[in-house]
Amino acid sequence: MKDLVIIGSGPAGLSAAVYAYRGMLDVTVVEKQPFSGGQIVNTEQVDNYLGLCGINGFDMGMKFREHVDSFNVPFTEGEVIGIEQLADKKGFKLTLDDNDTIETKTVLIATGASHKKLGIEGENKFAGAGVSYCATCDGAFFKNKEVALVGGGDVALEDALYLSKICKKVYLIHRREGLRGAKVLQEKMKKTENIEFLPFYEIESINGENVVESLTIVNNKTKEKKELSVSGLFVAIGMEPHTDFAKGIVAMDDAGYIKASEDGITDTPGIFVAGDVRTKNLRQVVTAVSDGANGVYSILSYMEKEEI
Ligand code: NAP
């Protein structure tokens, strides 16, 4: 039986692996592919991680992985599809997609989340070349440019306000008039001169040669089409946490995020959570890495208390 199984090898999982090694735990990191690396590997440039300004996301993931590999932490390839508590309640049995099982005293879920996609023409082609899912990460690349943002929730409104301070103009495209985001953000948005709200619009296609040059948008009431000249499109239509395999075993909020504060302690003793898959306000590499450390600290305290 393992002391700890870390599920996921993004920044949260890899940071946890470093702390597990230092805590001398018998650990394995389960990852879907030989080098998962998390969402960061798809990011062109990271400018907000202390000490690594301007690093390419893939290189950053490699650096994190090399750090863990230097401690010879074992990895297990596979996808966890189920977690069951052992009959004596002193551990868990994890089932992988190839039907292999692993028994462990504790589990750290660090499976992350993905940004929802629009599923429209040009979205995949221009990912990292004008299409972004993170204003905080990529906004600075659009300084003094005209950009569009799609969505109507808190994230869209916060991002529109954030981008309005960097960009020349921000078009906020939303499929209806009513916004889901907080009233206070709506008021701020209305008062911000360089944000133009475009209600009842949907994006038909993202156009350009090598980078985003324009969007074709359609009014869903009048069916009127227009071309919007922009250098970037920020997509803020929600996230999907990767938690299907843990449903029924740990408490989650309505959107499927595992409920826990910074210490990573869930409502199921022995199961901990770290990174984007946890309920939190700021989903960034730096907060994921910090969660990994905090989670293992909680695990070590739990094992000591339970004497397991
Ligand atoms: P969200 O609240 O689910 O909003 C997603 C928005 O995207 C909605 O306005 C939705 O439109 C739109 N949308 C969804 N699919 C779309 C599609 N295919 N095409 C076009 N538009 C689409 O998501 P979120 O803004 O990411 O926020 C997630 C959660 O975090 C929320 O509970 C939010 O309150 C919370 N949050 C809180 C804070 C804070 O308290 N400071 C900050 C950020 C986030 P409809 O409205 O028409 O459905």
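## Salt bridges between the domains

A salt bridge is a side-chain nitrogen of Lys or Arg lying within 4 Å of a carboxyl oxygen of Asp or Glu. With that rule in hand, let's look at this predicted model. Across the interface of domain 1 and domain 2, the rule finds zero salt bridges. On the side of domain 1 that touches domain 2, the residues divide into four polar, two charged and no nonpolar.

Six residues from domain 1 and six residues from domain 2 take part in the contact.

The size of an interface is often given as the accessible area lost when the parts come together. Here, domain 1 and domain 2 bury about 440 Å² between them, and 52% of that is on carbon and sulfur atoms.

## Around the ligand

Some of the distances involve oxygen atoms of the ligand. An N or O atom in the side chain of Arg176 is 2.7 Å from a ligand oxygen. For Gly152, a backbone N or O atom lies 3.1 Å from an oxygen atom of the ligand, and for Gly153 the corresponding backbone distance is 3.4 Å. On its own the ligand has 920 Å² of accessible area, and the protein covers 63% of this.

Technical notes. Residues numbered from 1 in each chain as written. Predicted model: local features only at pLDDT ≥ 70, side-chain atom pairs only at ≥ 80, totals over all residues. Heavy atoms only, no water. Contact = heavy atoms within 4.5 Å. Buried area = accessible area lost by both parts, 1.4 Å probe. Nonpolar A, V, L, I, M, F, W, Y, C, P; charged D, E, K, R; others polar. Polar contact = N/O pair within 3.5 Å; in protein donor to acceptor, adjacent residues only side chain to side chain. Areas by Shrake-Rupley, 256 points an atom, 1.4 Å probe, with all protein chains shown as cover.
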